[in-house]
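Subject: Structure handover

Hello,

Please find the structure below.

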Amino acid sequence: EQECNIPNDIEPQVKFLAHSYGIDYLGSIKVLLSAISMAICGRLSINQTELWNEPGILQTIAIGESGTMKSSLLKTIAHPFRQFEQDHAVPEEHRTFSKVRQKVGEDFVRAMLKNKLRETIKVAVHSDSTTALEMLGQFANESAKFQIDACTKLNSAVQIAPRLMLDTITPMALARHLQEHGECANIMSAEADFIKKVILDPSADIGLTLRGATQEQYIRPSGNATKEIRLEHPAINMLVMSQYCIAEKLYRNEELNDIGLTARLMPHFFAKYDHIDKYDSCVVGKYNFRIRALLDQYYTQDSNAEHYAVTLTPGAMDVLDDFSEEIEDILKVKAMPESAAPWLRKACGLALRYALAYHAWRCANPHESDITMDEMLLGVMVVSKSLTHVSFAYSPEGLCAVNTARKIIDSIGNRPEDTYIKLEQVWTSTLIQQRIGRKSVEVNNALKLLEVLNWITLHDEGSNNLKFMLHRDFFRKALP
C-alpha cells in the first residue's frame, strides 16, 4: 500500500474503518467519501468552467475475496441512512390514502381527456380532411403532455417512505425509484451477482447507469404516455463490493469501456490488514451525525428541488491544473494500458468529485462556499494514489490475468511430483497451456503477473514459449 496523507478531520473515521475491517487506508478514504457523496443526494456539482460542470456523484467498485468483512463494513457505513429511513417512515394508512387519492385523480384525468376527445371529433367531422388531421394531431400532442404533467403531480403527492440504500434492484425498478426519490439512488451492495445483474446482463439498462453518473437527461419511453419515465438530473451513487472473477468480466468488456461506463467507475483492490481494533463509539457517532445532517439538508422526493453548483478557490484551481498536466504526461508517454486512456481523461473530474465529498464533510452548508486548496489536494491524492489500481484493472497482465494465474498455481500444486522436484524443474508456458486449456497469450500474461507477485522467475528468451522456475516459497504463498 502507498502511504496516504490523511487530513486530521477525517483521520479518526478513516483509521477506524481500516483497522476495524482490515482494509487499507486508501480504501477507507474512498469508502468514507462515497458515503458522503450519497448523503448529498446528487444535488451538488462543481462548476469548473462555463462548459464544465462535474456532478457530485461517486461510483466505486471495491474488489476483494470472500471473507474480507465486506458486508460488515457496508452495514456500518449504511447505519445513518437506515436510521433516517426509520425516522421518516410513512404510516401504512397514510400511504394507502395517498394512493387512493392518486387513483381518483388519474381516473378524473382520463375522463376529462375522453370528453375533450369527443368534442374534438365532433368539430373535426365537419372540417376538411387536412384540418381534421391537424386538429386530431394537436389533441394527441396536448393530451400526452397534459397526462404526463398531471401524473407527475399526482405521483409527487403520494407519500412514499424514504429508501436511501439499494442492495439489489432491476433496471425498471431503479428508474421508478429515481422518479419517486428526487431522482437520486444510492446503491450499496456486497451481493456477488449485483454487477452481473445491473451492468453485465444483456437486459441491463446501461444508459440509465451512465446517465446516473453524468446527470444527463434520461427518458424511458412507453406505449402509454403516463407510464413514460423522464428524469432530468438522475444521480446514481454506487459503492459495490465485487469478487475478482466478476470484476474481471466488467473490465474485459470493451463495449462498456467504449461508451465510457467503466471510465466513470473508481476501482479499488483492498489490501488486507491483520490488526483489528475495537469499536470506537465516538468516532462512529461523529460519522453518523454528519451523514444525518447532510441528509436533513439534501434528501428530497421533489424532482424539481433546487440543485447547487460550487466553484473552486484560486488555490484549488492551481492544484487541479497541475494534476491535469500530470495526467497529460501519463497519456503522452503511454505509461498505463491503452484501454485505461478513457479513464485517465476523466481523472481530473473524478478528483473534483472526491474534493466535493470532502468539502461536504467539512462545511455546515456545503453549497454556500467554494472548494478550497486543501480539499482539492485530497481529491487529487485519492485519484493519484489510485492509478496503480486503475492500471491493474485494465492491464492484460493484471486483473484479467488473475483467474488464469490461479489455474496455473492449482495445476502446478495438484501435480503428484514431490515439492522439491517441482521447485527444481524448468517449466514452460506451452506445458501449462496444454494442462489448463488456455490460449498462449492468456497464459503468458498470467505468468508475467505471477512474476510481478514473486511467485515465479521468468527466463524470457524471445520466444512465445516462456520458461520459468518456481520461487522457493511458492507453496506457502496466497494469491490475492
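Q215 lies in the loop between α8 (206-214) and β5 (218-220). Helices (H or I, at least four residues) and strands (E, at least two) are DSSP runs, numbered from the N terminus. Before going further, note that this is a predicted model, in which local features need pLDDT of at least 70, side-chain atom pairs count only at pLDDT 80 or more, and totals for chains, interfaces and linings use all residues. Residues are numbered from 1 along each chain as its sequence is written, and side-chain values use heavy atoms, with hydrogens and water left out.

Q215 is not a glycine, yet has a positive phi of about 60°. With a relative accessible area of 12%, Q215 is buried; that word stands for under 20% relative accessible area, exposed for over 50%, and partly exposed for values in between (1.4 Å probe, protein chains only). C41, also not a glycine, has a positive phi of about 55°. The loop that holds C41 runs between α2 (25-39) and β1 (44-49), and C41 is buried at a relative accessible area of 5%.

**Overall make-up**

The protein has 20 helices and 12 strands. Of its 480 residues, 49% are buried. Contact here means heavy atoms within 4.5 Å. Among contacts with a separation of 6 or more, 75% come from residues 24 or more positions apart.

**Aromatic pairs**

A search of the whole structure gives 9 aromatic pairs. Rings of Phe, Tyr and Trp (its six-membered ring) pair if their centres lie within 6.5 Å; planes under 30 degrees apart count as stacked, over 60 as edge-to-face and the rest as tilted. One of the pairs is W455 with F474, edge-to-face at 5.1 Å centre to centre and 85° between the planes. W455 is in the loop between α20 (440-452) and β11 (456-459), and F474 is in the segment after β12 (467-470), so this pair ties together parts 19 residues apart in sequence. Both W455 and F474 are buried.

F474 also pairs edge-to-face with F475, at 5.0 Å centre to centre and 75° between the planes. F474 has 2% relative accessibility and therefore counts as buried, whereas F475, at 35%, counts as partly exposed.

Elsewhere, ring pairs link Y244, F269 and F392 into a cluster. The charged end of R406 sits over the ring of Y244, 5.7 Å from its centre; the criterion is NZ of Lys or CZ of Arg within 6 Å of the ring centre and within 35 degrees of the ring normal.

**M336**

M336 lies in the loop between α12 (314-333) and α13 (341-345) and is buried, with a relative accessible area of 12%. Not counting residues up to four places away in sequence, M336 touches I330, L344, L387, V390 and S391. The C-alpha atoms of M336 and F392 are separated by 9.2 Å, and the two residues are 56 apart along the chain.

**Helices α17 and α20**

The residues in contact are A401, V402, T404, A405, I408 and I409 in α17, and E442, V443, N445, A446, L447, L449 and L450 in α20. They divide into 10 nonpolar, 2 polar and 1 charged, where Ala, Val, Leu, Ile, Met, Phe, Trp, Tyr, Cys and Pro count as nonpolar, Asp, Glu, Lys and Arg as charged, and the others, Gly among them, as polar.

Regards
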